[in-house]
Structures are given as C-alpha cells and as structure tokens.
Amino acid sequence: VLIEPNREFVDSIRESRSARHIEAALTTRDIGEVEFFTGKRGVFASLLQTGSVKEEASYRVKSIPVSKVFGDYKRDDLSFLSLDIEGNEDEIIIELMKMDCRPFIIIVEHNYDLVKSYRIKQSLKENGYELLLRSISEVDYWFVRSDKVTH
C-alpha cells in the first residue's frame with residue numbers, strides 16, 4: 001500500500017509501482033479534505049504550513065484515517081512500514097499503536113523535531129519496539145519489533 005497525496009508523483013507511482021496506491025493524505029481521523037502545501041520538486045511538501053519561502057502553492061486533498069488503511073491488518077500481517085508523511089508521523093504512530101497492526105520493521109522520519117521524536121520513540125518503545133541502526137540515516141528512525149530482534 002502506498003499513500004501519496006502529492007499530485008506531482010501520482011503518475012510516476014502508477015507507472016513504477018505495483019502496490020495499491022491511495023491518493024490521499026494519511027491522518028489520525030476522518031476529516032474530509034486537508035490543505036496540502038507543495039514545495040520545490042516535492043522536497044518540502046507538508047500538511048503543515050511552515051511559512052517557508054520554499055513553499056510554492058497549496059491545494060486541497062482527500063484525507064484517509066490511519067484506522068481505515070491499517071485497521072484490518074493483524075499483528076503479523078505487515079513486515080515493513082515506512083512513514084514519511086511530512087509532519088504528523090508522531091500522531092500516526094500513536095494511532096497505529098492503538099490497533100492490532102504491528103509491522104516487524106518501522107522506519108519513520110523524525111524531521112529533527114525533538115518533541116515529535118520523543119513521542120515517536122516513547123510510543124514505539126511502550127509497544128514493544130526497539131530502536132536500531134541509529135547511524136544508518138540522519139532523518140529516519142529504524143525500529144524492529146522486540147520479539148523479532150536477535151542480538
């Protein structure tokens with residue numbers, strides 16, 4: 001499953017990926033549409049207005065709640081989850097941990113936000129995940145479900 005609200009990438013995703021594509025913004029609850037702020041070549045795209053001069057435009061996109069995407073997945077249904085959703089990763093992780101869905105590996109962008117980083121690490125630690133591979137990426141945390149870690 002690939003969730004992408006950025007119109008700039010929709011055609012290339014459909015051409016190059018076999019995954020089911022959902023053209024929407026991932027949110028914690030069903031809120032209809034949200035404002036999507038685009039950046040230069042998608043690099044600074046966000047659901048949160050940053051006030052950056054790099055923001056070029058915005059448009060409304062459909063939202064889809066995390067529960068609708070992952071609600072039917074059971075504990076061992078997903079092996080890998082990568083979250084790079086431009087600003088609300090902490091809220092999505094917290095909502096995901098309320099469900100039975102427990103991917104073996106979760107990679108989550110932290111955006112250098114200390115408060116959000118703490119919330120991500122705390123929520124995943126409390127739900128049986130271990131932070132690994134700290135030096136592999138400057139912008140992402142790599143978590144593995146503790147029951148799948150062998151040292």
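Start by selecting Thr27: leaving out residues up to four places away in sequence, Thr27 touches Val34, Ser63, Ile64, Pro65, Val66, Asn88 and Ile92. Touching, or contact, means heavy atoms within 4.5 Å. You are looking at a predicted model, where local features need pLDDT of at least 70 and side-chain atom pairs count only at pLDDT 80 or more, while totals for chains, interfaces and linings use all residues. Residues are numbered from 1 along each chain as its sequence is written, and side-chain values use heavy atoms, with hydrogens and water left out.

Thr27 belongs to strand β3 (residues 25-27). Helices (H or I, at least four residues) and strands (E, at least two) are DSSP runs, numbered from the N terminus. Is Thr27 buried or exposed? With a relative accessible area of 5%, Thr27 is buried; the cut-offs are under 20% for buried and over 50% for exposed, with partly exposed in between (1.4 Å probe, protein chains only).

Now zoom out and colour by secondary structure. The chain has four helices and nine strands. Of its 151 residues, 42% count as buried.

Next, select β6, β7, β8 and β9. These four strands form an open sheet with mixed pairing, in the order β6-β7-β9-β8. Two strands pair if DSSP finds at least two bridges between them. Look at the edges: β6 (80-83) and β8 (129-132) each have a single partner strand, so one side of each is left without a neighbour in the sheet.

Move to β7 (residues 105-109) and β9 (residues 140-145), which run antiparallel and are joined by five bridges. At Glu109 you can look across to Asp140 in β9, which stands opposite.

Where do the nonpolar residues gather? The largest nonpolar core has 26 residues, and those with the most contacts inside it are Leu26, Phe70, Ile106 and Phe143. A nonpolar core is a set of buried Ala, Val, Leu, Ile, Met, Phe, Trp, Tyr and Cys residues joined through side-chain atoms within 4.5 Å. Select Ile106: beyond its neighbours within four places in sequence, Ile106 is in contact with Leu81, Ile93, Met97, Leu124, Tyr129, Tyr141, Trp142 and Phe143.

For the last stop, find another core of five residues, lying apart from the largest one; among them are Ala25, Val34, Phe36 and Val61.
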